Amino acid sequence: MPHRNAQAQNLNQTGQNLVRVVIASYFLAVALGLIPGTAALPLTEPFLPAPYADAASKAVIFATAYLVLIGVWLRFSALLLATVLFWSSYITNIGANNLEGFWRDLALIGALILTYTQTLPRAANR
């Protein structure tokens with residue numbers, strides 16, 4: 001009986017890791033410009049000139065998504081990525097009355113938050 005329980009826990013952890021990889025790969029693709037998505041440009045534009053603002057916004061998205069992908073500083077990186085995504089999506093979509101885009105980004109934020117809710121069992125196994 002305990003053997004079956006250990007397998008279920010491993011399966012749950014594997015499933016959560018796969019979801020984390022898929023979510024992080026989406027943000028990596030957005031940062032690399034492979035697919036359209038919400039970028040952090042509205043947050044960096046007021047402080048930096050145009051070419052540097054674009055590079056800085058992509059670097060922030062790429063760095064935090066990469067940390068989520070590999071599971072390093074998972075809570076911090078997922079929360080930072082979610083915060084950046086929320087505010088940049090809010091600035092971009094609410095001003096343009098694009099509720100659909102904002103809602104999509106909120107769903108992604110929820111998925112990001114779910115990636116680190118089950119980290120305690122993983123930490124206990126290490």
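Two rings of Phe, Tyr or Trp are counted as an aromatic pair if their centres lie within 6.5 Å, and planes over 60 degrees apart make the pair edge-to-face. By this rule, the predicted model holds seven aromatic pairs.

**Figure 1. Phenylalanine 86 and tryptophan 87 form an aromatic pair.** The ring centres of phenylalanine 86 and tryptophan 87 are 5.0 Å apart. An angle of 80 degrees between the planes goes with the description of this pair as edge-to-face. Phenylalanine 86 is partly exposed, because its relative accessibility is 27%. Tryptophan 87 is also classed as partly exposed, at a relative accessibility of 43%.

**Figure 2. Tyrosine 90 and phenylalanine 102 pair across two helices.** This aromatic pair is edge-to-face, with 6.0 Å from centre to centre and 65 degrees between the planes. Tyrosine 90 belongs to helix α4, whereas phenylalanine 102 belongs to helix α5, which covers residues 99-115.

**Figure 3. Four aromatic residues form one cluster.** The members of this aromatic cluster are Phe86, Trp87, Tyr90 and Phe102. The view thus brings together the pair of phenylalanine 86 with tryptophan 87 and the pair of tyrosine 90 with phenylalanine 102.

Figure 4. Side chains of opposite charge can pair when their charged atoms come close. Aspartate 54 is partly exposed, because its relative accessible area is 29%. Lysine 58 is likewise partly exposed, with a value of 32%.

**Figure 5. Arginine 104 and aspartate 105 meet in a salt bridge.** The distance from N to O between these two side chains is 3.2 Å.

**Figure 6. Phenylalanine 76 is an exposed residue of helix α4.** Helix α4 runs over residues 74-95 and includes phenylalanine 76. A residue counts as exposed when its relative accessible area is over 50%; phenylalanine 76 is therefore exposed, at 53% relative accessibility. Threonine 64 lies twelve residues away along the chain, and its C-alpha atom is separated from that of phenylalanine 76 by 8.8 Å.

**Figure 7. The protein as a setting for the close-up views.** The protein has six helices and zero strands. From the N terminus on, its elements follow the order α-α-α-α-α-α. Of its 126 residues, 32% are buried. Among contacts between residues at least 6 apart in sequence, 64% join residues at least 24 apart. The accessible surface is about 8,000 Å², and carbon and sulfur atoms account for 69% of this area.

How values were computed
Residues are numbered from 1 along each chain as its sequence is written. This is a predicted model: local features need pLDDT of at least 70, side-chain atom pairs count only at pLDDT 80 or more; totals for chains, interfaces and linings use all residues. Side-chain values use heavy atoms; hydrogens and water are left out. Helices (H or I, at least four residues) and strands (E, at least two) are DSSP runs, numbered from the N terminus. Buried means under 20% relative accessible area, exposed over 50%, partly exposed in between (1.4 Å probe, protein chains only). A salt bridge is a side-chain nitrogen of Lys or Arg within 4 Å of a carboxyl oxygen of Asp or Glu. Rings of Phe, Tyr and Trp (its six-membered ring) pair if their centres lie within 6.5 Å; planes under 30 degrees apart count as stacked, over 60 as edge-to-face and the rest as tilted. Contact means heavy atoms within 4.5 Å. Accessible areas come from the Shrake-Rupley method with a 1.4 Å probe; for residues, only the protein chains shown count as cover.
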